[in-house]
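I opened the notebook to look up charged side chains, a metal site and some backbone angles in one protein. The entries below follow the order in which I looked.

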Amino acid sequence: MTKWVYSFGGGKAEGRADMKNLLGGKGANLAEMSNLGVPVPPGFTISTEVCTYYYGNGETYPETLKHEVLAALGRVEEIIGLKFGSTADPLLVSVRSGARASMPGMMDTILNLGLNDLSVEGLAKRSGDPRFAYDSYRRFIQMYSNVVLGIDHHNFEEILDEAKDDKGVSQDTDLTADDLKKVVAKYKDKVKEQQQGKPFPQDVHEQLWGAVGAVFGSWMNQRAITYRRLHDIPAEWGTAVNIQSMVFGNMGADCSTGVCFTRNPSTGDNEFYGEFLVNAQGEDVVAGIRTPQQLTLAGKNAQSSDLPAMEECMPEVFKELNAIRHKLEAHYKDMQDMEFTVQQNRLWMLQTRTGKRTTKAALKIAVDMAREGLITRKEAIKRIDPASLDQLLHPTLDPKAPRTMLGRGLPASPGAASGKVVFSAEDAEDWVKNRKERVILVRIETSPEDIGGMHVSEGILTTRGGMTSHAAVVARGMGTPCVAGAGEIRVDYAAKTIKVAGKVVGEGDVITLDGSTGEVFIGAVATIQPELTGDFGTLMEWVDTIRTLKVRANAETPLDAATARKFGAEGIGLCRTEHMFFDPKRIIAMREMILAETEKGRRTALAKLLPYQRQDFIELFEIMQGLPVTIRLLDPPLHEFLPHSEEEIAEVAKEAGVDPSMVKARNAALHESNPMLGHRGCRLGITYPEIYEMQARAIFEAAVHVSRDTGRTVVPEIMIPLVGAKKELDLLKTSIDKEAETVFAEQQYSVKYMVGTMIELPRAALLAGEIAQTGEFFSFGTNDLTQTTFGMSRDDSGPFIEVYRAKGIYEHDPFASLDQPGVGELIKIAAERGRATRPGLKLGICGEHGGDPASIHFCQGAGLDYVSCSPYRVPIARLAAAQAALGGSSSSGTA
Ligand code: PEP
Ligand code: MG
């Protein structure tokens, strides 16, 4: 025969923590605490199987349920020494729902069930406090009537307000027992009126079954259905019902209630941490109406509190609570968040669950617990959310600081920053250099010529573009906070204002960006500096012993490369060479090269770029000290580099020694309607071979220089972008090999090198078998691969992707977290076909997904050798890679 009801309390229980499916989370933990001998108010759980039965059988209960409930109630009465429905010694109970997964959308709790016109008198006598008894009764009538009978709260609130008005008082606490007696009578009249003459139930069993029915009924209410849909919780799971004897923390000076943590949840220190209120109910602590007292003397001193600590005023109870703290933490092997009530000097535990904590505390607790031998190092690694490390790597907003919201965009590059608003990159540079100001650069969107201004700015705000827009990618690379695509904000360059919903901010006004949330605030909001504590370093050391995926960084500048090394990068996975020409001096030569009409013109401009390029590579090779460096040859979507203003055109014309009208004409001729799919990537190398020749020369000369100088091995990995056909790669590799031969002969010194390709087009993925005949390594450029697979512009998709997500078409932005069913499938195909041709083919990923934990999980499964991400994401990627190596499922992905 199926058992439907499971008792707990009195030092034992019929359930256990691992019976969550049957008893729900709350019921299983209450049972577990009872088994551990922790004092839990006795009670019982009606299993989730009853819920399933209820809905499967026309909303009826199993035949034996009533009998089991009565028996369980009898056990509770015996343990606690009170009787349900008794006039003299009434047992009161709470009724709560409790599903397998926590479901905030479910029914509210019903407290004090079992009170009626007679038992309220018993409670008054037992507590010696009639006011308390009648206050409990009126609260019960309101709660029950609302949850079970569906009568709106306002009906009761009006009566209570009237009672206060009649007496001329403003607080509930100013009402006496007699006042509350009258309120109770009026409440009951109201119930009768609302229920067409049916009175409030006086039969306590009718009350109980009404509440049980309401819990099961709430499983199918709209809130719960929506919550389940959003969190993938199947309706078949059902909810359990927990019925538990009431204990009161508000029955006098020897009563109290509080919350506590087994360790400090904000610092992670192994110290008992908590607060309590004497003579109060649970909600009073949370509601913050009264100032709570500290549990420990240390806590009291730390807070400079005048109120006595529990350690002083209730020493016996404190000792018992502290012992339970140790017991529960040792048992659950994690920091616990507990609720307790003390009734007439007797301690009762109401709840225990895994406590929420800051990232700093999470690291400390995990490392300490591993050192204490409570958990293994592997478990410690699994406990940290990789994305949360961001909090430690960038300044963050002080949570206590006041703030005024201006608008919101995408959280494009984490960290918080304040500064004066400027609207152009030149102004940013001017204000910082000459006026010594801190600035926030505000642009509709950024382009390569803004790079200098972006570099000196504290933060960057754009109103257009997505997570892989120029501003977002460059800002992440620099570690500069950035909010991108804040569409609701209007930028007026002429008036030098930003406007949103009636608020106007002008040039020189201070704003604050939170690049971790995408929020923009008016004025300066205080920030907290990052602190790389010892625990962080320790955990990272452990992480590196576990992971099998290597972690590289996307970096071009010496600063980025040095940052990447500091964060533990094991090489550069993507050096975007076009980014090396953003500097104002270089961009002119770069434009001259792009705009040149003849090979000769291009070669003249390229000769100017060569020394810069060579010097950049020398610095990169030196910083990376023999670690692999993947250099991608030019891949400039032309629109990013063409001059716009008359001034820029004049500059290029002067440099090239031609008339500005010629530059204009060439500019117009090069205009493309779809530059992302235009004359970019290796197409440029195919049409103008001299460009890649110059770059190959710079790489080989630099490699020879550093190798000869330092005696270290330097193995450049030369990478060709946007390849779609093997023949493209054949042609380009031949010319690179030729350049290598020439340089090595000139220098009488040679180095090893590899030539590989990015996989950024579906065609390349499908033809990977052929391409791998020439390509010596693959790196998945998942920004473009996502763009080309979805046929969706990486710069324009932000706004509609949000709508798609809201409508549940895609769960995630595919430019932020890899689309595993689509783009991921192409990666798997390419990996398999590539390695079939060239066993051991080195595979990496260098799109933005290389720093996303769920995507890293995927890369582990797909057999990649490394991930490459922006320097500030390197620690996140290292941790995510270790977690991926330890197994388990990843929760993200587009579909
Ligand atoms: C990519 O497409 O994923 C990539 C890394 O190249 P880029 O972002 O420079 O186009
Ligand atoms: Mg690309």
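**Entry 1**

I began with Arg-139, which is partly exposed at a relative accessible area of 32% (buried means under 20%, exposed over 50% and partly exposed in between, with a 1.4 Å probe and protein chains only). I note that this is a predicted model, in which local features need pLDDT of at least 70 and side-chain atom pairs count only at pLDDT 80 or more, while totals for chains, interfaces and linings use all residues. Residues are numbered from 1 along each chain as its sequence is written, chains are lettered from A and ligands numbered from 1 in the order in which they are written, and side-chain values use heavy atoms, with hydrogens and water left out.

Which residue does Arg-139 meet in a salt bridge? I found Asp-135, at 3.1 Å from N to O, where a salt bridge is a side-chain nitrogen of Lys or Arg within 4 Å of a carboxyl oxygen of Asp or Glu. Asp-135 counts as buried, at 10% relative accessibility.

**Entry 2: further salt bridges**

I looked up the total, and the structure holds 50 salt bridges. One of them joins the side chains of Lys-608 and Glu-655, again at 3.1 Å from N to O. Lys-608 lies in helix α23 (residues 599–624) and Glu-655 in helix α24 (residues 646–656), so this pair ties together parts that are 47 residues apart in sequence. Lys-608 is partly exposed at 27% relative accessibility, and Glu-655 is partly exposed at 36%.

I then turned to Glu-802 and Arg-805, whose closest N and O atoms are 4.0 Å apart in their salt bridge. Both lie in helix α32 (residues 798–806), three residues apart, about one turn of the helix. Glu-802 has a relative accessible area of 35% and is partly exposed, and Arg-805 is partly exposed with 35%.

I also recorded a network of salt bridges that links Glu-578, Arg-632, Asp-635, Arg-680, Asp-784 and Arg-794.

**Entry 3: the magnesium ion**

Which residues are the protein donors of the magnesium ion (ligand 2)? I found Glu-760 (OE) and Asp-784 (OD), lying 2.0 Å from the ion; donors are N, O and S atoms within 2.8 Å of the metal (3.2 Å for Na, K and Ca), and water is not among the atoms, so sites may look incomplete. Glu-760 lies in the loop between β31 (754–759) and α29 (762–766) and Asp-784 in helix α31 (residues 782–790), so the pair ties together parts that are 24 residues apart in sequence.

**Entry 4: positive phi angles**

Lys-333 is not a glycine, yet it has a positive phi of about 55 degrees. I placed Lys-333 in the loop between α13 (315–332) and β12 (336–343), and it counts as partly exposed at 37% relative accessibility. Gln-748, also not a glycine, has a positive phi of about 55 degrees and is found in the loop between α28 (726–747) and β31. With a relative accessible area of 72%, Gln-748 is exposed.

Methods:
Helix = DSSP H or I, 4+ residues; strand = E, 2+ residues; numbered from the N terminus.
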